[in-house]
Amino acid sequence: MTTLFIVIACSLFAGLAMALGAVFAYFEKIDNQLIEDELRHGITAFGAGALLSAVALVLVPEGIENLMPLTASIWFITGGICFMLLDIFLKKINTPASQLAAMLSDFIPESIALGAAFATGNSNAFLLAALIALQNLPEGFSAYRELNSTAAYKPKKIILMFALMAVLGPISGISGYLWLSEFPQAISAIMLFASGGILYSIFQDLAPQVKLEKHWAPPMGALLGFVLGMLGLMLTAH
């Protein structure tokens, strides 16, 4: 029961980072427009790099371990197709929530993996929780700005919604801890499905927003975001 409580606490902590990122975006005000633009583009790039590192260093390597190549490829492509269809649907109903969908598609499978890590006695589970939280910070920042770009979503309502969505972390973590840890193929399929969706979202939504005319620093945020995941992978391996 003590370990289950730790799973709940760690996954909730990681989820609340989404709301914290939204709070940063809410209070972020810089008088110099050029610096503000560069900062925002850099944070968007950082979030894209963090998501890419999650796909390349965590989700895909873990996902392909328990599936045959063809099966793994099918789940990966299916994830991308489903996210494309979701993107088309959101565009038709004029709802800017693609970055929110990308954020949740990263958070939920990683929370499941976190619960499974505690269930199997993985000593690096705490570090994994910290890495998920660090990824959720810039993602929450970008998703807040996306939703706040229309009058349909009030700032405080967005922050509250992100805080409530943090509950998905414990739900996913408990699922991984109690049930899915016994079905490694199911966890692998979820991770690869999410990976395909995330990769689609990076190149469809995040990457095009990074470029800023006559500014070259923002893309470095992607490198910093990716190296964050790389550093975490190396630390968990030792």
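Guide: Axes are lines fitted to C-alpha atoms, for helices over the stretch in contact, and angles run from 0 to 180 degrees between N-to-C directions. Helices (H or I, at least four residues) are DSSP runs, numbered from the N terminus. This is a predicted model, in which local features need pLDDT of at least 70 and side-chain atom pairs count only at pLDDT 80 or more, while totals for chains, interfaces and linings use all residues. Residues are numbered from 1 along each chain as its sequence is written, and side-chain values use heavy atoms, with hydrogens and water left out.

Visitor: At what angle do the axes of H1 and H6 cross?

Guide: They cross at roughly 165° and come within 7 Å. Angles under 35 degrees count as roughly parallel, over 145 as roughly antiparallel, 65 to 115 as roughly perpendicular and the rest as oblique. H1 is therefore roughly antiparallel to H6.

Visitor: Which residues of H1 and H6 make the contact?

Guide: Contact means heavy atoms within 4.5 Å. From H1 come Leu 16, Met 18, Ala 19, Ala 22, Val 23 and Tyr 26, and from H6 Pro 155, Lys 156, Ile 159, Phe 162, Ala 163 and Met 165. Ala, Val, Leu, Ile, Met, Phe, Trp, Tyr, Cys and Pro count as nonpolar, Asp, Glu, Lys and Arg as charged, and the others, Gly among them, as polar. On that basis, this contact has 11 nonpolar residues, no polar and one charged.

Visitor: How do H5 and H6 pack?

Guide: Their axes are 10 Å apart, at an angle of about 140°, so H5 and H6 are oblique to each other. Gly 140, Ala 143, Tyr 144 and Leu 147 of H5 meet Pro 155, Ile 158, Ile 159, Met 161 and Phe 162 of H6. Eight of these residues are nonpolar, one is polar and none is charged.

Visitor: Which residues of the largest nonpolar core touch the most other members?

Guide: A nonpolar core is a set of buried Ala, Val, Leu, Ile, Met, Phe, Trp, Tyr and Cys residues joined through side-chain atoms within 4.5 Å. Buried means under 20% relative accessible area, with a 1.4 Å probe and protein chains only. Among the 28 residues of the largest core, they are Leu 100, Met 103, Leu 114, Tyr 144, Phe 162 and Met 165. H1 (2-27), H4 (98-119), H5 (125-147) and H6 (155-165) each supply at least two residues of this core, and the largest share, nine residues, comes from H5.

Visitor: Is Ser 195 buried or exposed?

Guide: Ser 195, in helix H8 (residues 184-210), counts as buried, at 0% relative accessibility. Leaving aside neighbours within four places in sequence, Ser 195 is in contact with Val 55, Leu 59, Val 60 and Phe 76.

Note on methods: Buried means under 20% relative accessible area, exposed over 50%, partly exposed in between (1.4 Å probe, protein chains only).
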